[in-house]
Amino acid sequence: MLKPPPDRLYGRQRSHALRPRQEKLLAETLPRLRFGGLPAGPVWLEVGFGGGEHARALIAAHPEVTLIACEVFEQGLCSMLAALVPEGGEATAPLPGNLRLWDDDARALLRDLPERSLERLYLMFPDPWPKARHAKRRFVHPDIVALAASRLKPGAEWRAASDDPTYQAWVAEVMGAQSLFAAPRPAAVRPDGWPPTRYEAKAFAAGRQPLYWTFTRLG
Ligand SMILES: C[S@@+](CC[C@H](N)C(=O)[O-])C[C@H]1O[C@@H](n2cnc3c(N)ncnc32)[C@H](O)[C@@H]1O
């Protein structure tokens with residue numbers, strides 16, 4: 001029997017000491033972008049944006065949408081923030097009006113959001129947790145699928161990609177066993193309109209084959 005995801009959620013993670021510019025970005029720029037409540041209009045959510053390239057491409061291509069972008073890794077948050085403001089402008093430079101950041105576990109945010117509040121969910125190259133005993137840490141998990149379904153509007157899309165064979169098989173198993181989303185077979189080529197990501201580039205460089213899923217919320 002698959003255990004539920006651990007109660008312990010992931011908070012901010014740091015791999016090494018921050019440089020002064022990074023400290024400033026987190027202290028001065030991040031608070032200006034931090035999610036503080038649902039805006040009017042369509043809202044999309046990206047889980048684990050990494051360096052933020054995919055999120056920035058989305059907000060540029062879809063000015064009518066507000067994207068809430070989640071990342072727990074501080075170096076990732078800093079990459080995103082550094083791409084948005086020049087050195088010296090951390091507290092003052094203009095910021096995109098349709099981006100909000102969530103610097104904590106995306107699952108906690110999902111729990112806090114109202115039902116049917118999201119029009120799209122992105123999960124690009126999630127951490128694979130390939131060992132079977134870590135399966136409960138994978139974002140694609142029956143409990144999280146149900147939570148995500150409740151936060152998405154009927155007809156909303158959940159887009160996901162992974163290059164990890166264990167995760168690919170896992171997604172097929174979990175999504176094949178649920179009835180909240182239509183879950184057709186994944187594409188082997190990134191669909192038009194999907195921005196590339198850093199981890200996708202790493203996958204290609206290592207000779208791995210990503211799969212791209214589009215799940216549609218039923219109901
Ligand atoms: C393998 S990386 C992929 C990054 C990016 N999406 C890409 O494709 O380049 C996965 C990222 O998800 C973040 N992450 C994992 N679990 C998360 C969670 N529950 N909430 C927010 N971010 C999470 C990690 O910190 C990591 O940066």
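How much of the accessible surface of the protein belongs to carbon and sulfur atoms? Before I answer, please note that this is a predicted model. The accessible surface comes to about 10500 Å², and 54% of that belongs to carbon and sulfur atoms.

Let me turn to the overall architecture. The protein has 7 helices and 7 strands. Along the sequence they follow the pattern α-β-α-β-α-β-α-β-α-β-α-β-α-β. The radius of gyration is 17 Å, close to the 17 Å that the globule rule gives for 219 residues, so the protein is as compact as a globular protein of that length. Taken along the principal axes, the box filled by the C-alpha atoms is roughly 50 × 40 × 35 Å.

Of the 219 residues, 48% count as buried. Among contacts with a separation of 6 or more, 79% are accounted for by residues 24 or more positions apart.

As for charge, the protein carries 29 positive and 24 negative charges, and their mean positions are 3 Å apart.

I close with two residues in one loop. Phe125 is located between strand E4 (118-124) and helix H5 (142-151), and Trp129 likewise lies in the loop between E4 and H5. Phe125 has a phi near 50°, a positive value in a residue other than glycine. For Trp129, phi is near 40°, again positive in a residue other than glycine. Are these side chains buried or exposed? Phe125 is buried, with a relative accessible area of 9%, whereas Trp129, at 24% relative accessibility, counts as partly exposed.

How values were computed
Residues numbered from 1 in each chain as written. Predicted model: local features only at pLDDT ≥ 70, side-chain atom pairs only at ≥ 80, totals over all residues. Heavy atoms only, no water. Helix = DSSP H or I, 4+ residues; strand = E, 2+ residues; numbered from the N terminus. Buried < 20%, exposed > 50% of the residue type's maximum accessible area, 1.4 Å probe, protein only. Rg over C-alpha atoms; globule rule 2.2 N^0.38 Å. Contact = heavy atoms within 4.5 Å. Areas by Shrake-Rupley, 256 points an atom, 1.4 Å probe, with all protein chains shown as cover. Lys, Arg positive; Asp, Glu negative; His and termini not counted. Charge placed at Lys NZ, Arg CZ, Asp CG, Glu CD.
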